[in-house]
Amino acid sequence: LEFPGVHPSFATSKADNIFALASNVVGDSTAPNGYCRLEVEKGSNTKLQQGEKNEDVDAYWFGSRYFTDEPVVVPKKNGDPNDERDAYLLGMVKDSAKNRSFLSIFDLKKDMSHGPVCKVWTKSSIPHGLHGSFAPTDSSTSIFT
């Protein structure tokens with residue numbers, strides 16, 4: 001796991017969910033090619049054996065030709081600030097075969113395994129390693145409805 005984060009409303013309080021980019025669920029060292037959600041309060045604390053798949057991880061994998069960058073949790077406009085999953089997860093993804101990138105958008109009310117609800121393609125490739133950030137355009141907490 002890399003670049004773990006939480007809903008901004010829970011940055012200084014106890015959070016049940018952590019969102020991160022991930023390489024795989026068996027502990028091998030590979031390039032990051034997916035995003036995941038971990039339930040830190042409800043999830044299992046059982047130690048896995050090397051090569052054992054962690055079935056408790058809610059994840060989406062783009063595939064081996066993709067590289068994911070740091071995800072950002074963005075609260076939904078008029079969403080419930082006390083609901084960690086009333087938000088979107090945004091992350092840049094590079095498709096190495098097409099040499100293009102896209103912004104992947106996940107609705108956190110759904111399981112990550114369902115995949116992004118939207119992909120916004122860029123005109124060209126954005127280099128792997130970009131850190132994520134989000135700033136609303138007005139006083140609202142999100143530009144998405």
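Select Arg37 and Asp58, both of which are buried, meaning under 20% relative accessible area with a 1.4 Å probe and protein chains only (exposed is over 50%, partly exposed in between). The two form a salt bridge whose closest N and O atoms are 3.3 Å apart, the term requiring a side-chain nitrogen of Lys or Arg within 4 Å of a carboxyl oxygen of Asp or Glu. Because Arg37 lies in strand 3 and Asp58 in strand 4, the pair ties together parts that are 21 residues apart in sequence; strands here are DSSP runs (E, at least two residues), numbered from the N terminus.

This is a predicted model, in which local features need pLDDT of at least 70 and side-chain atom pairs count only at pLDDT 80 or more, while totals for chains, interfaces and linings use all residues. Residues are numbered from 1 along each chain as its sequence is written, and side-chain values use heavy atoms, leaving out hydrogens and water.

Next, select residues 34–39, which are strand 3, together with strand 4: they pair in the antiparallel sense over 4 bridges, where pairing requires that DSSP finds at least two bridges between two strands. Within this pairing, Tyr35 has Tyr60 of strand 4 as its bridge partner.

Then move to Lys76, which is buried with a relative accessible area of 13%. Its side chain meets that of Asp86 in a salt bridge (4.0 Å, N to O), and Lys76 also forms one with Asp107, with the closest N and O atoms 2.8 Å apart. Asp107 lies in strand 8 and Lys76 in the loop between strand 6 and strand 7, so this pair ties together parts that are 31 residues apart in sequence.
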